[in-house]
Amino acid sequence: MDQNPKRREGYRAHRSSLNLHRSSLNLHRNRALAADASALKSGNFFARLIGVAVLLTACFGMAWAAHMYFTVHSVIDGKNGGNTATSAKIANKQPISILVLGVDQGIEGRHDRGNSDTMILATANPQKNSATMTSIPRDTLADIKGDPENKYFMFRVNSAYEIGGHESSMKTVSSMLNVPIDYYLEVNMKALKSLVNAVGGVDVQVPFDFSYDWCDFHKGKQHLNGRHAVAYVRMRKEDPRGDYGRQMRQRQVIEAIAHKAMSVNTLGNYRKLVDIFNKYVKTNLTFNDMLSLALNYRGCMNSLKSGYIQGHDAWIDGSSIQVASTKELQKTSDKIRKNLNLQTQTLNNEETRQNELNDQNNHIKWDDPNAFTNYRIYDQNQDKPAGGSNSGYGSGTGESTSSSSSSASSSSSWHFKW
């Protein structure tokens, strides 16, 4: 115990002074904090609120985009056997070819596989930023590939689909034009109406005034909804160019759909597009392939050359058919091969052999505007007409002069089955 009262009182006074100083510091600090809080302006508050809202919107947008990405990814790759890899050609930005098949199940009450109603061979070259779109008339005479019994030797090209689906169609067109075909896109024509509606309609240049299926069309630019688009591409008899005019209108609509489907404005309708794709489209392109095409091949659409194979009317076995000259086939082959960065080659296939035999034996005149009535189909690997008769097939009256017994005697004998 401290015996000095003065020292003890001095110590207490010193402690009291220290406590008072600390209290004063705490009071100043609290006032400073209170002053900062009171100085917060309402504008800063709203700025922070807006920032949070923007952040949330971005998060929801990213979530929505991711949902769209994986939904489309799942649907497309699910239809392709789970294959998700990007094809080597597309990954390396090389020229590619795609056979577009428009099939007619359901469009007029049909439910069997049937023939392909539309055949378009498209190519895209990202190095040249160029593309081609070539219509192949469905009645073109072709050596049908993929028929195990060879019953359809030299037949209408659209019958290849009935024989072996897209595989037979790809082999047949590839052989006819001597070009590689990398991919196929098989579209049920029943989907056309839904596709056009899903992209908000399409704009086309109508070549002349006409009406079809209760739809009116006027020469010039016209906006088409789904129903009008179907009528627009189906009409044939009123077109002065016949099926060639219809092919041109088909290419118009397909090109317009492709442009609209790539636009940002159609992303909101992706669910509709996915549903349509899932129901009506078959392809060997993966989702990554399509994404890469959209990103790296977009410039090809700026230089698109559209055309068709011009055939010559002919009557064979009493049925109307289109026969393409060797010159026409060669011109088409050269155009496609050049856009694929391939050297041109002289065609040497069954189609050109049939033309050569007809030139030599039947004196076919390709510049004659009248339908051929003397074009013959020659047996495979032989220089005689199918059925063994030189008078053979194709009188203008639609009657065949060959006997059924001679036709049945040859395994490679040829006859139409329309």
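Visitor: In which loop is Gln380 found?
Guide: This is a predicted model, and its helices are numbered from the N terminus. Gln380 counts as partly exposed, because its relative accessibility is 27%. Its place in the chain is the loop between helix H11 (350–362) and helix H12 (404–409).

Visitor: What distance separates the C-alpha atoms of Gln380 and Phe153?
Guide: Along the chain, Gln380 and Phe153 are 227 residues apart. In the predicted model, the separation of their C-alpha atoms is 8.0 Å.

Visitor: Which residue caps the N-terminal end of H11?
Guide: The cap involves the backbone nitrogen of Glu351. A side-chain oxygen lies 3.3 Å from that nitrogen. The residue that supplies this oxygen is Asn349.

Visitor: What distance does H11 reach from its first C-alpha to its last?
Guide: H11 has 13 residues. At 1.5 Å a residue, the expected value is 18 Å. The model comes close to this, with a reach of 17 Å.

Visitor: Against which elements do the buried residues of H11 pack?
Guide: The buried residues of H11 include Glu350, Arg353, Leu357 and Asn362. After the helix comes His363, whose phi is positive, near 55 degrees. The elements against which the buried residues pack are strand E4 (141–142), H4, strand E14 (319–323) and helix H10 (326–339).

Visitor: Why is H6 described as largely enclosed by the rest of the structure?
Guide: A residue is buried when its relative accessible area is under 20%. In H6, the buried residues are Gly226, Ala229, Val230, Ala231, Tyr232, Val233 and Arg234. The helix is therefore described as largely enclosed on the basis of its buried residues, which number seven of nine.

Visitor: Which residue has a side-chain oxygen that reaches towards Arg227 at the start of H6?
Guide: The atom approached is the backbone nitrogen of Arg227. The side-chain oxygen comes to within 3.3 Å of this nitrogen. The residue that carries the oxygen is Asn225.

Visitor: Which residues form a cluster with Phe217 through ring pairs?
Guide: Phe217 is one of the residues with the most contacts inside the largest nonpolar core. Residues that Phe217 touches include Val206, Leu224, His228 and Ala231. Through ring pairs, Phe217 is linked into a cluster with Phe208, Phe210 and Tyr232.

Visitor: How many aromatic pairs are there, and what kind of pair do Tyr244 and Tyr308 form?
Guide: The count comes to six aromatic pairs. The rings of Tyr244 and Tyr308 are 5.2 Å apart, centre to centre, with 50 degrees between the planes. Tyr244 lies in helix H7 and Tyr308 in strand E12 (residues 304–308), so the pair ties together parts that are 64 residues apart in sequence. The kind of pair that they form is tilted.

Visitor: Is Phe372 buried or exposed?
Guide: Phe372 forms an edge-to-face pair with Trp366, at 5.3 Å centre to centre and 80 degrees between the planes. Trp366 counts as partly exposed, at 26% relative accessibility. Phe372 has a relative accessible area of 4%, so this residue is buried.

Visitor: What is the relative accessible area of Arg249?
Guide: Arg249 meets Asp239 in a salt bridge of 3.0 Å, N to O. Asp239 lies in the loop between H6 and H7 and Arg249 in helix H7, so the bridge ties together parts that are ten residues apart in sequence. Asp239 is buried, with a relative accessible area of 6%. Arg249 is also buried, and its relative accessible area is 0%.

Methods. Residues numbered from 1 in each chain as written. Predicted model: local features only at pLDDT ≥ 70, side-chain atom pairs only at ≥ 80, totals over all residues. Heavy atoms only, no water. Core = buried A, V, L, I, M, F, W, Y, C linked by side-chain atoms within 4.5 Å. Buried < 20%, exposed > 50% of the residue type's maximum accessible area, 1.4 Å probe, protein only. Contact = heavy atoms within 4.5 Å. Salt bridge = Lys/Arg side-chain N within 4 Å of Asp/Glu carboxyl O. Helix = DSSP H or I, 4+ residues; strand = E, 2+ residues; numbered from the N terminus. Polar contact = N/O pair within 3.5 Å; in protein donor to acceptor, adjacent residues only side chain to side chain. Expected span 1.5 Å × (residues − 1). Phe/Tyr/Trp six-rings, centres within 6.5 Å; stacked < 30°, edge-to-face > 60°. Lists of a residue's contacts leave out its neighbours within four places in sequence.
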